[in-house]
Amino acid sequence: MPGGFSQQHLDEIRSRVDIVEIVGQFVKLKRTGANWKGLCPFHTEKTPSFTVNPKRNIYHCFGCGAGGDAFSFLMRQDRVAFPEAVRTLAERAGVALPTAGRAPEVDNKLEVLRRVMALAAEFYTQSLWERGGEKARAYLDQRGVDPDVARRFGLGYAPESWNALLGVMAKQSIGEEILVQAGLALPRQNAPGFYDRFRGRLLFPIRDVQGRVVAFGGRALSGEEPKYLNSPETPLYVKGQMLYALDLAKAAIRDRGRAIIVEGYLDCLMAHQHGFGEAVAALGTAFTPAQLGLLRRYADEVLALFDADAAGQKASTRLEEMMNDVMDLQNLGWSVARTGGFEKAGHLPIRVALLPPGHDPDSLLRAEGAPALSARLEAARPLLSFVLEKALGDEDLATPRGRANAHARVALILSKVANAEEATALAREAARRLGVDSTQLWIEAQQLQGTRARGRRPAQLSETAREAGDADSWPPPVPFERDLVALLLQVDEARAELLPLLEEEDVAHLGLRLVLAALRRTPDGAPEALMAELPGDRERGLLAALLVEERKWVDTHSHVVELKRRYHIRHRKHRVHQVTRAIIDAQATGDPALPALEEELRSLQRDLQREAEAVRELALARPGLPSQRPADTQRQAETP
């Protein structure tokens, strides 16, 4: 049972969901005949090569090779595991999954934590809008937050009580230990018992891309310290791998082609209120490559918006460090991918915008309105230019030491730029500012780049390729093998007649062999149901490629008859080799079984001769499979 779920339940979910509707939430699809096409969400392309086949409920990209069913699409798009994708689509399709069909224990634990977080969010939201939440509502009014926006973001209030949440959860039979695991309660230090983590604070629910609450950020209302108290990391929540409000912003990001990164919860909320629905926040941590990977699914570019104060400068310093990580990957020919891993493709452009001194996005919007923020965004500079300017600005270029430090930093930055034309232009500007020769600066950068390349072990590169699931590590299958497996998938007679004859060695291509093995395990199921039987994205992509092309097979019965004869020839030839070796051994030892072996050999030779003549007649009557015949057909047809 794939992922702990029965095939019956998987088939029922698959039959009820509409993959065109699911993919259409993320990709603009246009009908082309029986299929739908659009730009692939998993790699950068200008000409649509992403195809959705509603008949089989599968998708395939002819550009990057991605493919699969609704489960695998959700897994790639939302970076979730198979059990979570199944449960999400089951809920959407109205299919009840029995407890026995759940995933392993760890997944059940996550389900409990999600329920607890949902109940806590409901309690905190009610507390904000009911009696007792006046102080929090007054704060929102003071900050100019529209009540409708506050409701859309699910804002809440934690009452000024040591056990308000604990009491509510106790009525739901939820113990203190699970609340501690969820980051909602803490054990008392000097006495037995527990107490609420959040008390007397305005709460900002943090949700995953599917809109499920996984953590909270709490803002003090009466001058308490810390001003912001955030949930700890839990099995549901890793702050460096999530973005605040991405669940609300992803549609606008996709429509506008860009994402705006801000630093604070209120900054993000007010940006949405003023029409910048593509804004997300970095959850009080530095912007990370993992967060960039999340945005890569939806955005064509990222605008990083930073305050001009010390906190903003600190964040921009981390952005410089992140740029080094990203540039290292791009120099290997990889870029941060929408799946959160890496793929061969163009990089995701990042631009940096700085706000006026004394302003954050919230204060600028309230003081000067949306046009002021738009102007800052339009003036945003490319990340590379920003980082280079910062490296020069951080040092005192009037002193030899400052110039030397800046020179070294600039050379290191330039060494990470894969685009030679861009690096040359930046080298000229930096050399002018430093008062050095641009050619020498460029040479130093190239030397640094070469040193890093020599220090990189081949094993590390191959591991990166394996983790990325690089489709290029598979050679393309030969046409005959591809046609053979496609015939088995699409024609019932071929499956029934040929599967018993096929052996592993009959298919050399590893991917096709894995598809064939899955087909052997479930020969009577729908071909698209094999997606759950395959081990990874590459295999699912290959299966989708075979299924999405609805071929019109001509005279399939004759194809099957010819193939059966060919495989009979192959198996008889293998037996001939075995009998021939046995005869040689029998002659050497005087084995009395020698006459029987010699008679079996003559019988095999007669059978081979008849089969070879039949194959030749079939070949003369019509061509073989749509592509070509096996390379060894002629050798097999000859009498041994």
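Guide: Threonine 51 has a relative accessibility of 5% and therefore counts as buried, the cut-off being under 20%. The model is a predicted one, and the values that follow are computed from it. Threonine 51 lies in strand β3, which spans residues 50-53. Leaving aside residues up to four places away in sequence, threonine 51 touches Asn35, Trp36 and Lys37, together with Ile58, Tyr59, His60 and Phe62, and also Val548.

The protein as a whole provides the setting for this residue. Of its 640 residues, 49% are buried. The protein contains 27 helices and 18 strands. Among contacts with a separation of 6 or more, 67% join residues 24 or more positions apart. The accessible surface amounts to about 29,500 Å², and carbon and sulfur atoms hold 52% of that area.

Helix α16 (residues 383-393) packs with helix α17 (residues 400-415) at an angle of about 165°, and their axes are 9 Å apart. Because that angle is over 145 degrees, α16 is roughly antiparallel to α17. The crossing of α16 past α17 is right-handed. On the α16 side, the contact involves Leu384, Val387, Leu388, Ala391 and Leu392, which meet Ala406, Arg409, Val410 and Ile413 of α17. By class, the residues of this contact comprise eight nonpolar and one charged, with no polar residue.

Terms used. Residues numbered from 1 in each chain as written. Predicted model: local features only at pLDDT ≥ 70, side-chain atom pairs only at ≥ 80, totals over all residues. Heavy atoms only, no water. Axes fitted to C-alpha atoms, helices over the stretch in contact; angles between N-to-C directions. Helix = DSSP H or I, 4+ residues; strand = E, 2+ residues; numbered from the N terminus. Parallel < 35°, antiparallel > 145°, perpendicular 65-115°, else oblique. Left-handed = near helix turned anticlockwise from the far one by under 90°. Contact = heavy atoms within 4.5 Å. Nonpolar A, V, L, I, M, F, W, Y, C, P; charged D, E, K, R; others polar. Buried < 20%, exposed > 50% of the residue type's maximum accessible area, 1.4 Å probe, protein only. Areas by Shrake-Rupley, 256 points an atom, 1.4 Å probe, with all protein chains shown as cover.
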